[in-house]
Amino acid sequence: MTRLYLKIFFTFWLITVAIIIGTNIVVHWFDMTPERNLQRSSGANDDDPAKRLLFQMVGNAVNRNTRQLIEDLRAMPAWSTRFVYVVDKENRDLLDRPLPPGVMFLAPRLTFKHPFDKVQDRNRKLFGRYITLNDGNSVKLITISAGPDAGQDRDIIWELFLDNIWPLLLVSILVSGSACFFLARHFTRSINTLQKATHQIARGDLSVRISEQFRGRNDEIAALGRDFDHMTERLEKAMQEQKRLIKDVSHELRTPLARLQIALALARQRSNGVVDHELDRIKQAADYLNDIITDILTLPVQGQDSWVLDDVLDLVSLMQTLIVNYQADAYEKNINIRLKCSLEEALVATHGNMLVGVFENTLRNALLYTPENSEICIVLNDTGDGENYRIDIMDQGPGVPEDAVEDIFQPFFRTDQARARESGGYGLGLAIAQRSVSLHQGRIWAENRAEGGLSLNILLPQIKS
């Protein structure tokens, strides 16, 4: 049961309960009844609860006969009957109860010509009314206010109201609660359907469709479901086209790469050892490119659960090796690559040389956008919790706009098209790096440095000893 469901349910229910209870209280408090209007028209402004009760009883009793009036008295709560007396023409109580002194004094004063009267009996007020029932019998209704012995602030009519109204309130609240329950369920069921579908999309399942679940409906939710299906259909088609494009491009790269490797083998045979060092570097780059193509072909169809980390890599040695490999490129721009690391080794689980490509991409980007006569700083340390290693590659370049810090990891995204043409890149390096780090159960993100430049930060899990 979702929080939105509970919010809708309790909001509707509490509003309904407040309306039911408030309406009944207002009707009682202001006594919006014909009997109350009759009392006002008589010019009496006494708002004593006993007097209000008298006028209400009079309004009900005039439509009763003697037998029905006795049944009504017996149906009243036991505690309340001591505040109400109905006497006949012989001044005897219809319930055969002994009459208190105040009632015995007031009853003879009520006649056809003098139908209403009131008296004060010590700490209590007594109100009486002479009426004729529909069977022709005349009776005298007398109500007694609550004195100190009955509770100084006791409101008889209020207590009678609560005693009579609570079953109706209970039924009304239960009925309204049931209605609000099904109403909230109806509203949130559609939202839950959308939520589950978005979760499936977040997990990579773009085949989900929901419009069938809203069949027969012609409201905004059904229209949203159709738009949702249209969106997921286009996303699925775009994703399939992207995967097909990547595979096609990767396959096309295999042919020139194979020719390069053949030419490289022939060059090695004819070099007689003169350029073996340069040929080794070319072979290393060709092998790396071949591995990248292979990984690109497998990445779209492999999930993190099926990716086997079957090798071990020392990040300290890798950073040192990369600095040596890129020292010539750095020298051309008079850039100093500095490694800050207090660790002797930093072992992480990996798959093939995927992490090599990650750090080559990030370091190559740093060299590309760092101006001449500046510095690139690589900081490698553990996070102090025994869980991860953190590598920060910080350049002194122009950085990226704040609204594009996350977008730079999207395939083919470039913050500056002119710069992209100069560098010859297509925005794939960081996208592949993010995917590779994710498959290693790590995280990569970018931050603009306060002193200028961009910092690419990578977290990788440590190997548990």
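**A lysine and its surroundings**

Modeller: Let's begin with a single side chain: that of K140 reaches the backbone oxygen of A107 at 3.0 Å. Keep in mind that this is a predicted model.

Biologist: Okay! Where does K140 lie?
Modeller: K140 is in strand β4, which covers residues 138-144.

Biologist: And is K140 buried or exposed?
Modeller: K140 is buried, yet it has no salt bridge. The nearest side chain of opposite charge belongs to D88, 7.5 Å away.

Biologist: Which residues does K140 touch, leaving out those up to four places away in sequence?
Modeller: Among them are Y85, V86, V87, D88, A107, P108 and Y130.

Biologist: Switching topic: which residues make the nonpolar surface patch of about 250 Å²?
Modeller: That patch is made by L245, V249 and L253. V249 lies in helix α7, residues 220-271.

Biologist: Now helix α13, please. Which residues are buried there?
Modeller: In α13, residues 429-439, the buried ones include L430, I432, V437 and L439. Just after α13, Q441 takes a positive phi of about 60°.

Biologist: Zooming out, how many helices and strands are in the protein chain?
Modeller: The chain has 13 helices and eleven strands. Of its 465 residues, 39% are buried.

How values were computed: Residues are numbered from 1 along each chain as its sequence is written. This is a predicted model: local features need pLDDT of at least 70, side-chain atom pairs count only at pLDDT 80 or more; totals for chains, interfaces and linings use all residues. Side-chain values use heavy atoms; hydrogens and water are left out. Buried means under 20% relative accessible area, exposed over 50%, partly exposed in between (1.4 Å probe, protein chains only). Helices (H or I, at least four residues) and strands (E, at least two) are DSSP runs, numbered from the N terminus. Patches are made of residues with over 30% relative accessible area and no salt bridge: like charges are joined within 9 Å, nonpolar side chains (Val, Leu, Ile, Met, Phe, Trp, Tyr) within 5 Å. Accessible areas come from the Shrake-Rupley method with a 1.4 Å probe; for residues, only the protein chains shown count as cover. A salt bridge is a side-chain nitrogen of Lys or Arg within 4 Å of a carboxyl oxygen of Asp or Glu. Lys and Arg count as positive and Asp and Glu as negative; His and the chain ends are not counted. A polar contact is a pair of N or O atoms within 3.5 Å; within protein, one must be able to donate a hydrogen and the other to accept it, and residues adjacent in sequence count only if both atoms are side-chain atoms. Contact means heavy atoms within 4.5 Å.
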